[in-house]
Amino acid sequence: MASVVELLSLTNPVFKSYVFWTGVLVLKMLFMSVLTGMQRFKTKTFANPEDLLSPKLKVKFDDPNVERVRRAHRNDLENIVPFLIVGLLYTLTNPSAFLAINLFRAVGIARIVHTLVYAVVVIPQPARALSFFVAAGATVYMAFQIMVTAAF
């Protein structure tokens, strides 16, 4: 059985893939703040009086474009953060490299697609739902495998 040090080493292809996709997803979440700001400037929708570009503007909280990006960002926080924890614990179960790498890849790509179809170029359902469920399904699968490994 591999040691924790071996499993959490960049020589382990599973951990290396986890580190890569974690970096991608963290950068993606950080980009969501930039995307929100871009929408605020584009629509001149600001939530704080000190941010108003002109005395003629008023504080506004209900612009549909800004709120769409904010909802996508919140969805990231609700789904990517659990993946970060579950993915690391899953790495410690010493899973099949092929399966683990493809699960990490699926989560990463699905979360990027989710943002694209929800907040960048709005595409009707089921595009958003499919991308959501691919990532959620992979994360749930990994969580289940963690529980099975810990229980037996």
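Colleague: Where is K28 found?
Modeller: K28 is found in helix α2; helices here are DSSP runs (H or I, at least four residues), numbered from the N terminus. This is a predicted model, where local features need pLDDT of at least 70, side-chain atom pairs count only at pLDDT 80 or more, and totals for chains, interfaces and linings use all residues. Residues are numbered from 1 along each chain as its sequence is written, and side-chain values use heavy atoms, with hydrogens and water left out.

Colleague: Thanks! Is K28 buried or exposed?
Modeller: K28 is buried, with a relative accessible area of 10%. Buried means under 20% relative accessible area, exposed over 50%, and partly exposed in between, using a 1.4 Å probe and protein chains only.

Colleague: And which residues does K28 touch, not counting those up to four places away in sequence?
Modeller: K28 touches D76, I80, R111, I112 and T115. Contact means heavy atoms within 4.5 Å.

Colleague: How far apart are K28 and P126?
Modeller: They are 98 residues apart in sequence and 22 Å apart in space, C-alpha to C-alpha.

Colleague: What about Q39, buried or exposed?
Modeller: Q39 is buried, at a relative accessible area of 13%. Q39 also has its place in helix α2, and beyond the residues up to four places away in sequence it touches N65, V66 and V69.

Colleague: Switching to helices: at what angle do the axes of α2 and α3 cross?
Modeller: Roughly 165°, with the axes of α2 (residues 13-43) and α3 (residues 64-91) coming within 10 Å. That makes α2 roughly antiparallel to α3, a label for angles over 145 degrees. Axes are lines fitted to C-alpha atoms, for helices over the stretch in contact, and angles run from 0 to 180 degrees between N-to-C directions.

Colleague: Which residue classes make up that contact?
Modeller: The contact of α2 with α3 has 16 nonpolar, 9 polar and 4 charged residues. Ala, Val, Leu, Ile, Met, Phe, Trp, Tyr, Cys and Pro count as nonpolar, Asp, Glu, Lys and Arg as charged, and the others, Gly among them, as polar.

Colleague: Now the largest nonpolar core: which residues touch the most other members?
Modeller: Of its 20 residues, those are Y18, F83, Y90, F104, V107 and M142. A nonpolar core is a set of buried Ala, Val, Leu, Ile, Met, Phe, Trp, Tyr and Cys residues joined through side-chain atoms within 4.5 Å.

Colleague: Which helix gives the largest share of this core?
Modeller: α2, with 6 residues.

Terms used. Helix = DSSP H or I, 4+ residues; strand = E, 2+ residues; numbered from the N terminus. Parallel < 35°, antiparallel > 145°, perpendicular 65-115°, else oblique.
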